[in-house]
Amino acid sequence: MRSLQRLTSPALVAGLLLLKATPVLAQSLHSERGGLHASPLAHRASLTATTLDPLRSLALSDHATVSPITARRVFEQLVRQAGGTGFTAEQLFRQLWDTQNPAPGQPDLPGGPHCSDDGNTVNGAPYPCRTLEGTEASTTTAALDRYVLVGLFNRFDLAPVDGAHCGEYRMSFARFVPAPQVRSRNRFILEGALPNPSPELGLEGCRPVAQAWAALSTLEDAAERRALLDALFFEGLAPGIPPVIHPQHYGDNPAGLGQVRVNMFMQAGIGAPNPWMLREFKLKRQCDATGCTLRFLPTTVKSTPRGDFFNLQNTHPLAVAFRDFLVTQVEALAVDDFNRFNYAVPDVFNAAQSSSMPSFGSVDDFLAEFDKTAAPTPFTDALQAELLRIGSPLTPRHLVARAQALSCGGCHDLSRGTELGGAPGVFPLAFLRFVQTQDILSPLPTPGPDSHYPLSPSLTTAFLPFRQQLLGAFLDTPALDARVVTTERALEVQAGQPFQGTVTLENTGTTAWSDRGGLRATSLDQTADLGLSPGEAIHLGQRKTFVFTHTAPTSPGRTTYRWRLHRDGQAFGPPLSFTVDVP
């Protein structure tokens, strides 16, 4: 990916200055394909992956497993972990939906945000009220108990290669009504980012979490599987490993990781704002003179820039800055792999909502906005120049199509049948009516070993196999390992004279190399050891070049200097060597 520092467009500079001036908006530079998708694990064959059952270890929707987990239990845990002050579980749930009402909202939910704030905008982007969904905040509806869990999702693949966290673990709840009415549908998804219990180890610190998910594939007893899931989500796997369900895992942390998303259906057929609307929230603990409570705060929808920024007729400085920014993302978007093309969108460009129904207007349809100005344009010329530079056969329109596919609405039907170019071809979306897990819940599944909420073919045939391979490859990768990258020819040096040499290694294990972690290349010849600088860390797939200075022997001949990697006294990896010839 090209460095932003190489670009000098005034519009992009202005946009980045705005980004710098708004640190809260600058936090989110992740996507649904961040983390391990770009790591060596994506290309590594795995025997363990063949033993994993994706419907037990990656996407669990069987009735026996998910039905005991209620929305009320989840919200009661959140309130309890926040200290039990402020809103009750019922009030906290209602406050989520009260954000869709204009101020002042429900009288017993004071101090919260509403859709009418800032002139019906979030991040400067439109945020119309959704008052039908807002009725879920009413004190008379008892809405919390209408929602049932339809799926648990393992997103270990979103863990970054440095192990800054251990991925996201998601709970998808759908509104149940006694009759299959389209207008009654509604969804919320809790997407908790789990902290790394041993961050000093890097990605290796997440191994207990990955092993627990893998173990679900072979646990036949339903009670044992439920107990393991309870440990993962409610209790914590072990001392030092917190449960997924914790207020700090849904955005209330320094990096702003984790979120809660809603897919709102209740306003279907009533006109603007669009039905099938997707919005995103952070759960924060807020304190004022009356005390402290948890609240859901509307935020931008990650990886979803405003659609009209793709329209060349939009000359707003932020729109121009976004298009200049997109040129820096061509190489990542052009990756010729359906599961790995990607880009990272700074939140300053992101929209406040995403609709998956283009028939109600094109503003969320990137391609429709892009097509409003015929090519060539300076924007398409810049995209094409980057494609030529990297030797890609794609077109600028393919890049916009891929950006749309990575948006929230794009993953929920907007990109159905869209041509992405290259090996990915047509975006392989096959949905259960705008969702990836069935949410028409009348009647509820009949309890039994084979009863489940159906998953979409796009999940089972495209997304889950790749996540299965990544999880298996991680589990197959040793904690400590290395590969010698460069082997230089013998260096000719003068007798008794100092010389400088280098050896380059790649970290092929899951444990981070660091000086703090005791990583040394220990000399086998009683010469100097090689070490890392204070604060330096080398993670899976990254390389380290050790530079050393020695004095050549005083006698003619060939001398080989040798080292062996050690971490806290444990030797690993191949021997390192450097050879000199004294003529």
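With -85 degrees about the S-S bond, the disulfide between Cys166 and Cys206 is left-handed. This comes from a predicted model, so keep in mind that every value here is computed from it. The sulfur atoms of Cys166 and Cys206 sit 2.0 Å apart. The link ties together distant parts of the chain: Cys166 lies in strand S5 (residues 165-175), while Cys206 is in the loop between strand S6 (186-195) and helix H9 (207-215), 40 residues apart. Both of these cysteines are buried.

The disulfide count comes to three, and if you number the bonded cysteines along the chain, they follow the pattern 1-2, 3-4, 5-6.

Take Cys115 and Cys129, which are joined with an S to S distance of 2.0 Å. The torsion about their S-S bond is about 95 degrees, so this disulfide is right-handed. Here too, distant parts of the chain are linked: Cys115 is in the loop between helix H6 (89-98) and helix H7 (117-120), and Cys129 is in the loop between strand S3 (125-126) and helix H8 (131-134), 14 residues apart. Cys115 has a relative accessible area of 0%, so it counts as buried.

Then there's the pair Cys287 and Cys292, with sulfur atoms 1.9 Å apart. The torsion about this S-S bond is about 110 degrees, so the disulfide is right-handed.

What about Cys408 and Cys411? Cys408 is in no disulfide, and the nearest cysteine sulfur, that of Cys411, is 7.6 Å away. Looking from the other end, the closest cysteine sulfur to that of Cys411 is in Cys408, and 7.6 Å is too far for a bond, because a disulfide needs the two sulfur atoms within 2.5 Å.

Three strands make up an open sheet, ordered S11-S13-S18, with antiparallel pairing. Strand S11 (482-484) and strand S18 (543-551) are at the edges with a single partner strand each, so one side of each has no neighbour in the sheet. On average, neighbouring strands of this sheet are turned by 35 degrees against each other, direction ignored.

How many bridges join strand S13 to S18? Nine of them do, between S13 (residues 498-507) and S18, and the two strands run antiparallel. To find one of these on screen, go to Thr502: its bridge partner in S18 is Val547.

Definitions and conventions: Residues are numbered from 1 along each chain as its sequence is written. This is a predicted model: local features need pLDDT of at least 70, side-chain atom pairs count only at pLDDT 80 or more; totals for chains, interfaces and linings use all residues. Side-chain values use heavy atoms; hydrogens and water are left out. Two strands pair if DSSP finds at least two bridges between them. Helices (H or I, at least four residues) and strands (E, at least two) are DSSP runs, numbered from the N terminus. Axes are lines fitted to C-alpha atoms, for helices over the stretch in contact, and angles run from 0 to 180 degrees between N-to-C directions. Buried means under 20% relative accessible area, exposed over 50%, partly exposed in between (1.4 Å probe, protein chains only).
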